[in-house]
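Work through the exercises below with the sequence and the structure in view. Try each task before reading its solution.

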Amino acid sequence: MIDLHYAATPNGLKLRLYLEETGLAHRIVPVKLSAGEQFAPEFLAISPNNKIPAIVDHAPADGGAPLPVFESGAILLYLARKTGLLWPRAERDQLEATQWLFWQMAGLGPMAGQAGHFRAHAPEAVPYAIDRYTREAARLYGVLDRRLQGREFIAGEELSIADIACYPWVLPHAGLGHDLAATPDLQRWFERIRARPATQRAYAGVDDPYAKPANFTAAERQALFGQGAQG
Ligand SMILES: N[C@@H](CCC(=O)N[C@@H](CS)C(=O)NCC(=O)O)C(=O)O
């Protein structure tokens, strides 16, 4: 059994998608970020960066104590290597999946996240930041579009954790100012993943977080964006 500490954000949804696709037994533990639940000591013991997603694997492969894992990319890699699910068989394909997973974690996620922040969550418009991150997100969508030319999936011949990691950061493309029609191979891949029953289940009732300006209270802003070095 896996506990998934979760909120319905792009990084949280990666694990929802993975667990829906694989059918691994799990329990969802909601973390209300705008209420600051990510700062609770019990959660920090699992996820020291005070961010979701995090898991606790109650049946680790070594048979030892329950194993906490934080960082969505590390969690996907851990589960894929442990179970062999959504993990290509060939070593070269595993390396491809790992590269695109790291590309998502270090590039697409952070840049699209900043684009979304400045476009929909910032309390005032900062044109330079909006332009900078919107362009960078678009550039990254272009990189993925070229990768998908003539391919059905990002790595190997089947769905893998690389697709799972990227999809939640392609979904908010419209709120990030990107017209998917400009990247047709990415658009075809997006539609294919969106149509999967597991995607439909994971995303039931979930909206694009950047589709419209957020209306956070001062306390919610403090919980979400107000932390310094002392936490
Ligand atoms: N690199 C991390 C990023 C996780 C992340 O940014 N999580 C956000 C929601 S998508 C969060 O928990 N924010 C709460 C906070 O920063 O206090 C991962 O991929 O797991």
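**Exercise 1.** Sort the residues that line the largest cavity by class.

Solution. The lining divides into nine nonpolar residues, one polar and one charged. Here Ala, Val, Leu, Ile, Met, Phe, Trp, Tyr, Cys and Pro count as nonpolar, Asp, Glu, Lys and Arg as charged, and the others, Gly among them, as polar. On a 1 Å grid over the protein atoms alone, a cavity is a set of points where a 1.4 Å probe fits but cannot get out, and a pocket is an open set with protein on both sides within 12 Å along at least five of seven lines; lining residues have an atom within 4 Å of a point. Last, the volume of the largest cavity is about 50 Å³, and the whole structure holds one cavity of 30 Å³ or more.

The model is predicted: local features need pLDDT of at least 70, side-chain atom pairs count only at pLDDT 80 or more, and totals for chains, interfaces and linings use all residues. Residues are numbered from 1 along each chain as its sequence is written, and side-chain values use heavy atoms, with hydrogens and water left out.

**Exercise 2.** Describe the largest pocket by its volume and its lining.

Solution. Start with the volume, the space filled by probe spheres set on the grid points: about 1500 Å³. The lining has 46 residues, and Thr9, Leu33, Tyr210, Leu224 and Phe225 lie nearest the centre. By class, 21 are nonpolar, 18 polar and seven charged. Then turn to the helices (DSSP runs of H or I, at least four residues, numbered from the N terminus). Helix 1 (10-22), helix 4 (91-121) and helix 9 (218-225) each supply at least two lining residues; helix 4 gives the most, eight.

**Exercise 3.** Which space does the ligand take, and which residues surround the ligand?

Solution. The ligand takes the space of the largest pocket. Around the ligand are 13 residues, of which Gln38, Lys51, Ile52, Glu71 and Ser72 are the closest. This shell has six nonpolar, five polar and two charged residues. Now list distances. An oxygen atom of the ligand lies 2.6 Å from a side-chain N or O atom of Ser72. A polar side-chain atom of Glu71 is 2.8 Å from a ligand nitrogen atom. For Ile52, a backbone N or O atom lies 2.8 Å from an oxygen atom of the ligand.

Note on methods
Near = heavy atom within 4 Å. Polar contact = N/O pair within 3.5 Å; in protein donor to acceptor, adjacent residues only side chain to side chain. Sits in = over half its atoms within 2 Å of the grid points.
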